[in-house]
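Here are my notes on the aromatic contacts and related side-chain features. Please read them alongside the model.

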Amino acid sequence: MAALSPEACEYVRQLARRLEGAEHGTGTQMVREAGQFLGLSVQTVYRHLKGVAGWSSGRKARSDKGTTSVSAQALVTLGAAQREAVRANGKQTLFTTTARGILEQNGHGFGVSNGQLNRLLRDRKLNVAAQRVADPVQALRAPHPNHTHEVDPSLCLVYYLRGRQYIIRDDEFYKNKLDGLAKVKFKCYRYVAYDRASACVVPWYTEAAGEDQHNLFRFLMFAWGLQGGRPLHGVPRHLLWDKGSANTSAAVRSLLDALGVRHLTHEAGNARVKGGAENGNNLVETQFESRLRFEPVEDVGQLNAAAFAWANAYNANLIPGQDTRLRRPGLAAPVARYDLWQRITAEQLRVLPPLEVCQAFMRSKEEERQVKPDLSITFRHPAAQRTLAYSLRGFDGINVGDTVLVRGLVYGECAVQVQVARYDGEALVYRVEPNVEFDAFGQRADAAEIGAEFKRAAKTQAEHAASAMDETAYPGLTQDEVKAARAKRAAPFEGKLNAHGYLRDVELPAYLPRQGTGIDTPAHAAPAGPELIDAVTAMLRIVGAIGRHLSPQENAFFMKRYQTGVPEDQVAALVAQYQALDMADEPLRAAGGLRAV
């Protein structure tokens, strides 16, 4: 029976769903019509219904098929309890019998047997076995050789003591008895690099007490450097490694940044992301290290020489009696790994700089620079003889006064990497070449000549934001008109913004009055003098008290006599004097006038 296309399979599934709900006696006609549509016999359609959709004719399923008296929440709780009791190594420690007993004591009812509960958990993918594979693998690809390399260090089965090779045996060292292995001071570590596109494998060995960045650096220099007799070399665009290697390799990360290698880490416990390197370790262990038992080598130097020869033969499919070609579903035919790597182009192959240069960049670190008013920074590149200027005009997120992180890059003419934090904390990273064109006076050649030309600098993010705010505050006005409006103190937002008028309508709550405490005047403080009132006010009080207006002579005398003011405590005495004059009917004396009391 020939296989159906995906579209035909979907049609068969739809037919199966229609047959499930069809009335008695109408299904045969539906199958016959489907056969005419697909150009198949009725019997073939039935076979496809069973093979593609799992449908078969006969007694219809019960209407309550797939339902259960156990509540969905109880099943989810039962599955969650068993899932939470799974150890880190994947071992299940809580099973349905125990979990059911615990949950029934906490108010959950089930009402069916344990076997039925297990079937219900399995059908609904709530069991531990289904959850172990619940996270599907997302396929990854590298578009060309040297695009992505995967690196993975591993403890090797081989070690050396007093010039003799030993191979770890399970009866000597196993997971519950590591005392013997701990006695081996310098263990043998295997580093494997895997090129994602071509699947080429590069092994390298070193003796060390543990993983460290010094050996990782040596391995990368070996894997990416040009080695005689090996076509594979060059620096990748991406490096995929685990968090352990990344966290302990600050200097190597500095080198990777300088080389323009984006280093990516996978989450802990998800090593299958770099499955190529994991599989590469397994290949080296089973295809190469298994040979050492029959032909031992004396030290790590000889071990690396043997591994180099094996890797070359394996990647080139030149091992006698063994087919090591790569087989992938997308390849028309099996192909040697080196043949795939040879498809790399000149632009994709970035040659590793000399060892001294890599060491210098590994020692370097990021430096802070402040963006100048002309949107430039200065930095001394490790390969430059003097400090160079770098223009940052046109880069989003960089404004005058910002602090940026600068690091020299290996590739390019003294190029640098500039990093600035975005508003959400993410880093914006740019690659910048230095300003190399200057006139005889040391001025930038691309600067605008005064009086001859005008160049508008590219707007920064802050300037774009300022333009948007100006448009909102002064709608419909040009930049020059906005400046003029500000100079004239014109109200923004067309004067329609209620900025404080609404405060008059605010009603305060009824506050309880608070009692205060009087201030005691110090005993030695001098008493304050009587308060002075102006002459006009004093004269009006006197006129009101005596019931008549002062004569012109009295008025002139009074204003001259008390032009500096009248002590308030003397007003009553003045009233009494004027009243006495009225009773005596004596004229006002010009010489003495009123006498101060």
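Aromatic contacts

1. Phe37 is exposed, with a relative accessible area of 59%, whereas Tyr11 is partly exposed at 22%. Buried means under 20% relative accessible area, exposed over 50% and partly exposed in between (1.4 Å probe, protein chains only). This is a predicted model: local features need pLDDT of at least 70, side-chain atom pairs count only at pLDDT 80 or more, and totals for chains, interfaces and linings use all residues. Residues are numbered from 1 along each chain as its sequence is written, and side-chain values use heavy atoms, with hydrogens and water left out.

2. The whole structure holds ten aromatic pairs. The ring centres of Tyr11 and Phe37 are 4.9 Å apart with planes at 35°, so this pair is tilted. Rings of Phe, Tyr and Trp (its six-membered ring) pair if their centres lie within 6.5 Å; planes under 30 degrees apart count as stacked, over 60 as edge-to-face and the rest as tilted.

3. Tyr191 and Phe219 make a tilted pair, 5.4 Å centre to centre and 35° between the planes. Tyr191 is buried at 2% relative accessibility, and Phe219 is buried at 0%.

4. One aromatic cluster is formed by Tyr205, Phe288, Trp310 and Tyr314.

5. Two arginines sit over rings: Arg230 over the face of Phe222, 5.1 Å from the ring centre, and Arg561 over the face of Tyr562, at 5.0 Å. The criterion is NZ of Lys or CZ of Arg within 6 Å of the ring centre and within 35 degrees of the ring normal.
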